[in-house]
Amino acid sequence: MSEDETTQNTRRRLIFRSDHRGTKEMDLLLGSFAKKYVPEMSEQELAQFDEILKENDPNLYNWITGKEPEPDNVKSPLFDKLKKHKYA
């Protein structure tokens, strides 16, 4: 398998995981973000997004909506982009 195929598989996996979180709110929020931005993310951003997706939904929701400040291990320009993302 070429590196390109591996990256494409990573992109597909991240989009799928974003769209199937378990709560409708997070499916909509993360799914729409992933569909819009994952296809153009760098390898580093893909790795960061993968780490973000490992966090649990209640924490992510609170950080994204600003109800709680996100921890240092999540802070990044990519997470800032996620917080600014508007889904419709």
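**A tour of the aromatic cluster and a helix contact**

Two aromatic pairs are counted in this structure, which is a predicted model.

Phe-33 and Tyr-37 both belong to helix H2, which covers residues 24–37. They are 4 residues apart, about one turn of the helix.

Is Phe-33 buried or exposed? Phe-33 counts as buried because its relative accessibility is 0%. Tyr-37 has a relative accessible area of 23% and is therefore partly exposed, given that buried means under 20%.

Phe-33 and Phe-49 form a tilted aromatic pair, at 5.6 Å centre to centre and with 45° between the planes. Phe-33 lies in helix H2, whereas Phe-49 lies in helix H3 (residues 43–53), so this pair ties together parts that are 16 residues apart in sequence. Phe-49 has a relative accessible area of 0% and is therefore buried.

With the three residues shown together, what do the ring pairs link? They link Phe-33, Tyr-37 and Phe-49 into a cluster.

H4 comprises residues 57–64 and H5 comprises residues 77–84. The two helices pack at an angle of about 80°, and their axes are 9 Å apart. H4 and H5 are therefore roughly perpendicular to each other, since angles of 65 to 115 degrees fall in that class.

To view the contact itself, select the following side chains:

- from H4: Leu-60, Trp-63 and Ile-64;
- from H5: Phe-79, Leu-82 and Lys-83.

How many of the residues in the contact of H4 with H5 are nonpolar, polar and charged? The contact has 5 nonpolar residues, no polar residue and 1 charged residue.

For the last stop, select Lys-75. Where does Lys-75 lie? Lys-75 is in the loop between helix H4 and helix H5. Lys-75 is partly exposed, because its relative accessible area is 48%.

Methods. Residues numbered from 1 in each chain as written. Predicted model: local features only at pLDDT ≥ 70, side-chain atom pairs only at ≥ 80, totals over all residues. Heavy atoms only, no water. Phe/Tyr/Trp six-rings, centres within 6.5 Å; stacked < 30°, edge-to-face > 60°. Buried < 20%, exposed > 50% of the residue type's maximum accessible area, 1.4 Å probe, protein only. Axes fitted to C-alpha atoms, helices over the stretch in contact; angles between N-to-C directions. Parallel < 35°, antiparallel > 145°, perpendicular 65-115°, else oblique. Contact = heavy atoms within 4.5 Å. Nonpolar A, V, L, I, M, F, W, Y, C, P; charged D, E, K, R; others polar.
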